[in-house]
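Thanks for coming. I'll go through a few local features, one region at a time. Please have the viewer open.

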Amino acid sequence: MWKTRSPHTLRQPSRVYKPAFSLGPRASSSSFGTSNAKKSLIQQLQSQLSIKIDEASHVMKKVPQILLDAIVDSAFKFTDQALHSSESNFAPVDEIGGSIEILQLEGNIPEDFPEGVYIRNGSNPLFGALQSTASIFGESNDIWVEGEGMLHALYFTKKNSASWSVSYANGYVQSETLKIERDRQKPCFLPAAQGDSAAVISAYILNYLRFGKVNKNISNTNVFEHAGRVYAVAESHQPQEICIQNLETGNTWDIHEQWNRPCTSHPKVAPESRELVIFGSDAKKPFLVVGVISDDGTKLKHKVDLKLDRPTLCHDIGVTIRYNIIMDLPLTVDIGRLTTGGQLIEFEKEGYARIGVMPRYGDAESVVWFDVEPCCMFHLINCFEEGDEVVVQGLCSADSVIPGPRLSKSDILPEKSQLTGDGKTTKQRINEKLFSRLYEWRLNQETKTITGEYLTGRECSLELPMINNHYTGLHHSYAYAQIVDSVTRSGEGCGKVLPKYGGFAKLCLDERGTGTETSTKDLIKMEIHRLGEDQFCSGASFVPRVCGSHEDDGWIISFVHDEVTNTSQARFHGNTVYIHPNFHVKDK
């Protein structure tokens with residue numbers, strides 16, 4: 001997508017007319033010269049004194065910063081979090097600088113595949129690894145979803161009707177905090193997501209005193225488009241505009257200073273109006289604020305505090321033609337919990353859960369809340385209206401992978417191999433607490449009643465769903481998801497869970513009773529497409545065919561990493577095409 005910017009009009013500097021200095025009546029040369037000499041000396045002394053005062057003031061302003069830096073450098077020890085041999089999928093890579101043409105292609109790109117760019121955003125720690133710190137306050141750690149955002153872009157351009165040019169580029173999202181640490185050439189922000197409560201509290205305080213922020217702006221979660229502009233985002237900060245031609249980072253998108261808080265990683269374009277529905281969640285009041293942005297992206301048309309009574313870690317929002325769908329679930333980010341020795345982020349198993357149906361321009365009082373069974377859900381698949389009902393579809397599990405449940409040895413499942421339909425084996429170690437299934441709620445707006453059911457069984461765990469975006473907020477028949485292949489390994493007294501994705505599932509939402517499990521008459525049809533052994537995908541997107549004949553007419557494209565060869569490819573699902581960008585693991 002090309003953007004033409006009008007050249008800035010250069011304004012000529014204003015000219016200042018200075019009249020010639022007039023001495024007035026002729027004075028004696030001796031008295032005039034002596035007087036001017038004294039004035040000149042005084043002016044020079046005043047000027048030098050002013051400079052010295054300014055320099056001293058500048059130095060004094062730096063003293064607190066220097067002292068705070070000295071305290072952190074002497075009291076806190078940064079260490080890299082080592083990756084297990086089975087976690088090369090999470091290893092950061094180097095920036096390549098510019099773009100490179102991909103010459104190694106296996107298979108054929110479909111002739112009717114659209115020209116465009118495929119962009120993946122993900123964590124890529126700046127200094128080669130996530131960080132932990134140790135101090136007199138204890139330990140604190142980055143969690144696996146942190147790390148600076150890096151964009152990976154594949155550009156598809158047709159040379160002629162029979163051949164394609166494919167090029168690859170990558171680059172960090174140039175956030176303010178990345179620039180701070182890059183200038184200092186070392187990790188500076190103390191980890192503040194997980195660890196001993198005193199260490200996390202001290203990290204919050206020292207980060208704020210040193211940098212005016214409690215944590216980094218990582219912009220590593222998603223890339224979205226609105227009104228022809230593209231943004232990188234993570235929900236700890238506002239989106240940052242990205243130039244897709246060269247991946248350069250533009251300004252922070254605050255809608256002309258109208259949005260002064262974090263923004264969800266998964267905003268939704270409302271059907272028909274094409275407005276963008278966003279929200280911002282925070283650990284301090286107001287805990288959740290919803291916004292509606294004009295279809296041209298220039299105006300914040302609506303902004304409202306939903307007056308929640310807890311700081312829920314809400315990751316996604318749904319839209320229908322008339323409503324915004326709010327998920328108020330018991331995964332919370334509670335600073336107060338730290339003061340009692342608890343964790344900042346925690347899934348409250350005994351907490352309540354509810355779904356809110358909010359008119360597009362409603363306020364807190366207009367939201368109709370429906371109580372549901374407590375669960376953890378990061379991603380909605382879709383929401384739509386059907387008669388008096390609002391249908392909400394999402395992927396639910398019994399616990400949260402963020403920051404990760406504390407696992408005993410009995411929770412760590414032995415690795416098992418399963419034979420796939422094509423004769424290949426896949427290794428799975430999926431903890432029951434994290435097994436994620438498609439669930440559908442039906443919220444009746446007239447009777448204020450709710451029904452719900454699982455639509456998938458225990459054949460495979462699903463995450464990171466996607467649909468044909470033309471059907472967002474509308475009734476749809478298909479969805480797609482990545483198959484979870486969670487790797488669990490033991491740590492000091494507990495387990496560490498890192499999710500990896502070993503294939504794709506196509507969900508046929510209108511077809512029932514065709515599953516492979518027993519007693520599946522009420523489950524939907526699911527087509528499973530597994531990758532090869534030790535191969536894992538990420539950042540998958542559905543690409544609809546231009547002028548496609550039906551909703552499912554398109555391709556899934558994804559990056560795939562092979563942990564044996566430590567190489568990455570881009571693959572089309574539906575056509576066997578392998579594109580080799582030749583990633584290089586970052587040097588520490």
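Start with Asp510, which counts as partly exposed because its relative accessibility is 48%. This is a predicted model, so all of what follows is computed from predicted coordinates. Asp510 belongs to strand β34, residues 501–512. What does Asp510 touch, leaving out residues up to four places away in sequence? The list is His475, His476 and Ser477. With Ser477 there is a polar contact, side chain to side chain, at 2.6 Å. Lys525 is 15 residues from Asp510 along the chain, and the two C-alpha atoms are 8.1 Å apart.

Next, the strands around β11. This strand covers residues 229–233, and four of its five residues are buried. On one hand, β11 pairs with β10, residues 222–226, antiparallel and over five bridges. Within that pairing, Val223 has Ala232 as its bridge partner. The two strands make a hairpin with two residues between them, and Ala227 in the turn has a positive phi of about 55 degrees. β11 also pairs with β12, residues 240–242, again in the antiparallel sense, over three bridges. Here Val230 stands opposite Ile242. As a reminder, strands of a sheet pair through backbone hydrogen bonds, either parallel or antiparallel.

In what order do its four strands lie? The order is β18-β19-β22-β23, and the sheet is open, with antiparallel pairing. The edge strands are β18, 318–319, and β23, 368–372; each has a single partner strand, so one side of each has no neighbour in the sheet. In this sheet, β19, residues 323–328, and β22, residues 353–359, are joined by six bridges and run antiparallel. Asp328 stands opposite Arg354 in β22.

Last, the cysteines. How many disulfides does a search of the whole structure find? The count is zero. Take Cys375: the nearest cysteine sulfur belongs to Cys396 and is 3.8 Å away. Cys375 counts as buried because its relative accessibility is 8%. Cys537 is buried as well, with a relative accessible area of 1%.

To recap: Asp510 is partly exposed, β11 pairs with β10 and with β12, and the search for disulfides comes back with zero. That's it from me.

Methods. Residues are numbered from 1 along each chain as its sequence is written. This is a predicted model: local features need pLDDT of at least 70, side-chain atom pairs count only at pLDDT 80 or more; totals for chains, interfaces and linings use all residues. Side-chain values use heavy atoms; hydrogens and water are left out. Buried means under 20% relative accessible area, exposed over 50%, partly exposed in between (1.4 Å probe, protein chains only). Contact means heavy atoms within 4.5 Å. A polar contact is a pair of N or O atoms within 3.5 Å; within protein, one must be able to donate a hydrogen and the other to accept it, and residues adjacent in sequence count only if both atoms are side-chain atoms. Two strands pair if DSSP finds at least two bridges between them. A disulfide is a pair of cysteine sulfur atoms within 2.5 Å.
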